[in-house]
Amino acid sequence: MSPTATAELVVDINNVVAGYLPGVNILNGCSLQARRGELIGIIGPNGAGKSTLLKSIFGQVNVRSGTITLDGEDITSLRANQLVALGVGMVPQTNNVFASLTIEENLQMGLFQRPSAYAERLEFVTSIFGELGKRLKQRAGSLSGGERQMVAMSRALMMDPKVLLLDEPSAGLSPVRQDEAFIRVSEINKAGVTCIMVEQNARRCLQICDRGYVLDQGRDAYTGTGRELLNDPKVTELYLGTLGV
Amino acid sequence: MDWIQILNNSASSIISPATLAYALAALGLAVHFGYAGLLNMGIAGFMALGAYGYAIGILTFNLPWWAAALLGLAASAVFALILGIPTLRLRGDYLAIVTIAAAEVLRLLFLTTTFDEVTGSADGLSGYHGSFRASNPIPEGTYGFGPFMYNEIGWWVRILGIIALILAAVTVWRLMSSPWGRVLKGIREDEDAVRALGKNVFSYKLTALVVGGVIAAAGGIVYALPSAVNPGVYVTSLTFFVYTALLLGGAATVFGPLIGSLIFWVLQTVLGNVLPAAVDAGLLPFMSNIQAQTLRFILVGIALMLIVIFRPQGILGNKKELTFVK
Amino acid sequence: MSSDITPPVERPKTTGLHVGEAAPGVAKTDPIIVVDGVRRTFGGLTAVNVDHLEIPRGAITALIGPNGAGKTTLFNLLTGFDRPDAGSWTFDGKSISGMPAFKVARLGQVRTFQLTKALGLLTVLENMKLGAKHQIGERFWQSLFPFFWRRQELEIEDRAVGILKKFKLDAKSEDFAASLSGGQRKLLEMARALMSEPQLVMLDEPMAGVNPALTQSLLEHILDLKDEGMTVLFVEHDMHMVRHIADWVIVMAEGRVVAEGDPITVMRNPAVIDAYLGAHQELDLGVVTGRYEAEDADPTTDALASDTVEVSDIEEEASEESK
């Protein structure tokens, strides 16, 4: 089921140093590889730089050194609109839908660079998220958090991304909807989309991913397959411990 | 081209009432924009209130000149309160829009024939120099040396102007190097951080708006002292000229506005003499004399853009301390 | 990381803070803040929905919960940086709902921010002096005459240097705050907060992004606050830290308080564990979704159960919830 190690490299992040404010680096030399069809998980404590790593792929934070390539092409200094055209889809944690637009309009926004493919992409998206097809005319602002997240994911999927970036898809959701969110990401990935997911719920993230990266202080602390990391006592103790431990 | 004449005029303009007026206006704007981060796009309105307040005070209310001056300053303070109270709680851009509009409203109020009796509408006001000249302690005569030769009225105006400027500069300097100024510096960078420390941010911004407005009004008064009050002067272009002088010198400093105004006016005078002379001498065949004068103002506009793009901290400013530059 | 932390001298936890059984909204023996019926929505989303909450005086209380639970929103509401849709709360018995942030700060409450707000364009010492209250020199007319405020300024400076020494930042007092590292800025923000001699110190994720070397000293400083008689309320994600220094823990999820109690008990509460880890910790979602075989299941889960449960079961459970 999971892609072989010889599958081609989609995203290659090499030793990236990045930060928002001048002189302050959040990422201190971070690397990551994602192969076609993989589900990559990024976990680690708050402030470790997980979201910043995603944002540096998406051109939303200053990359001060290091490179990021997409299918071999250097995308380090490109801006978000150029990246979307190249096939990078982003599902942000908050403010991820246009609340004043309907679900249908939100999906159309996802495709505005290639509007002719709408029908075909809509079919793909509703094959994963069946209930969307029934509620296209509903205003996105009236949806709950979990439903908005579904719309946000669908919108990003509309442009047939080469890689889908997800920033904490389970944040703010009830326990059972968290599980649902992880299942959704897994379904998206099974349908062939390469995914890179940042998560705070470390255990769930590692359970569904092919490979994982543990970030701490802006660096890669641990990396391996999802199963390896789940079984690693060091990782378990430091990052996966249930609350009472 | 008579270079001696050009040099004489230019040197003389260093302490002309216009230069002093600009220095005061720029200092007031420094308090607004440089120190408090308030985007006031209607500084011309504050200057107008100072000038008209002064002239109307004498002509309509028969006040002695110093009381009329105080009236001009008070009018400016009230104007600042009216502008600030509704807008300072909103984003900075709102203040910019409101101030442009407010300054224009003021100018049109001074221009309309409805108040012609008081404001003189399009003719403006003049002939209010009686008590001012009567209070002049300098005996009749011409004094000075080289290019700085003025009669007793000319010197009286300049001396008062310089005193006003020094008072304003010392006040601003004292203010900004005190704990009050420290709070303002913090507000400029991050209002929420300062709020979290218990400071009433709104009150500080409003006070800065009033202080800067009063100083700018003093500039308007100095400008009007020796001549006349003309509504055609207090247009939006005046605001941009003051900004040019301010940014040229350095927005968040005390001496920046003074030096900027000086350079600005000297340059204006030089160009105002050189360009027409160049046209007469046949060096600029594609232009007429009058067009050469207008060219001056075009050049000011270009200079403002260049300063903002390439050296926003001006001559004396510190780039690291600027908050309006990313 | 933080599990290596043990305070050099164990300081005793404060007990006896609550009256009755430790459940969400339980009354405290000596509350400093009492919250009633506070609601805040953004668009269609309910960010905070707290029926009743009391913060105990003189203790260190931790506010925990997964991302998006509403902790920072609650902070912003209590400190006057945001307005609720409904509800009221009191500080020291005095109603402060609707009071603007700067007035709340003057009452004796001080807060730090998640994204630290050390004023980079001011020096470290200027930052500190800014924190002091009742400054004569900050009044407009008095500020024009140094004679009025010079002496107080020196006193404030002495106090500032004293606190900076405790935080080991005194050597940097003349440097611009922008030149400090992230962790040092957090320390500066905390030190600056102390200049106002507050009763209640509210810290929003004080440990986020701080390197382990500074974490220990930050913890010690927070414990010092309690020793000096202040009340502390902090938001954190680092459970080891919470366990070490918190006397009381409040857990939020989806805008509500789901549990309260001492750290040990709270962290074993099933509702709390669910909020962080998902509804069915006994399931390995990798097996449920068919990505992995049962024999490779996460050792902490029930492999057989994971194999049996279908994706549709979970999806059905989720849609049941919204009914």
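**Close-up views of a predicted three-chain model**

**View 1. Where chain B meets chain C.** In this predicted model, chain B places 24 of its residues in contact with 26 residues of chain C. On the side of chain B that touches chain C, the elements giving two or more residues are helix 8 (152-176), helix 9 (179-189), helix 10 (191-195) and helix 11 (201-224) of chain B. Of these, helix 9 of chain B contributes the most, with 7 residues. Sorted by class, this side of chain B holds 9 charged residues, 8 nonpolar residues and 7 polar residues.

**View 2. How the chains touch one another.** There are 2 pairs of chains that touch, and the pair with the most contacts is formed by chains A and C. Chain A and chain B, by contrast, do not touch, and the nearest C-alpha atoms of chain A and chain B remain 10 Å apart.

**View 3. The open sheet of chain C.** In chain C, 6 strands make up an open sheet with mixed pairing, and their order across the sheet is 8-9-10-5-11-12. The edges are taken by strand 8 (109-111) and strand 12 (256-261) of chain C, and because each has a single partner strand, one side of each is left without a neighbour in the sheet. Direction ignored, neighbouring strands of this sheet are turned against each other by 15 degrees on average.

View 4. Strand 8 of chain C runs parallel to strand 9 (residues 200-204) of chain C, and 3 bridges join the two. Looking at individual residues, C:Arg111 has C:Met202, in strand 9 of chain C, as its bridge partner.

View 5. Helix 10 (residues 270-277) of chain C lies across two strands of chain C, namely strand 11 (248-253) and strand 12, and runs at about 130 degrees to strand 12 of chain C. Strand 12 of chain C is also one of the two edge strands described above.

**View 6. The fold of chain A.** Chain A contains 9 helices and 10 strands, and along its principal axes the C-alpha trace of chain A spans about 50 × 40 × 40 Å. The radius of gyration of chain A is 17 Å, which agrees with the value near 18 Å that a compact globule of 245 residues would have. Buried residues account for 53% of the 245 residues in chain A. Among the contacts in chain A with a separation of 6 or more, 68% are between residues 24 or more positions apart.

Key. Residues numbered from 1 in each chain as written. Chains lettered and ligands numbered in written order. Predicted model: local features only at pLDDT ≥ 70, side-chain atom pairs only at ≥ 80, totals over all residues. Helix = DSSP H or I, 4+ residues; strand = E, 2+ residues; numbered from the N terminus. Rg over C-alpha atoms; globule rule 2.2 N^0.38 Å. Buried ≥ 20, exposed ≤ 12 C-beta atoms within 10 Å, placed from the backbone. Contact = placed C-beta atoms within 7 Å. Pairing = 2+ DSSP bridges. Axes fitted to C-alpha atoms, helices over the stretch in contact; angles between N-to-C directions. Nonpolar A, V, L, I, M, F, W, Y, C, P; charged D, E, K, R; others polar.
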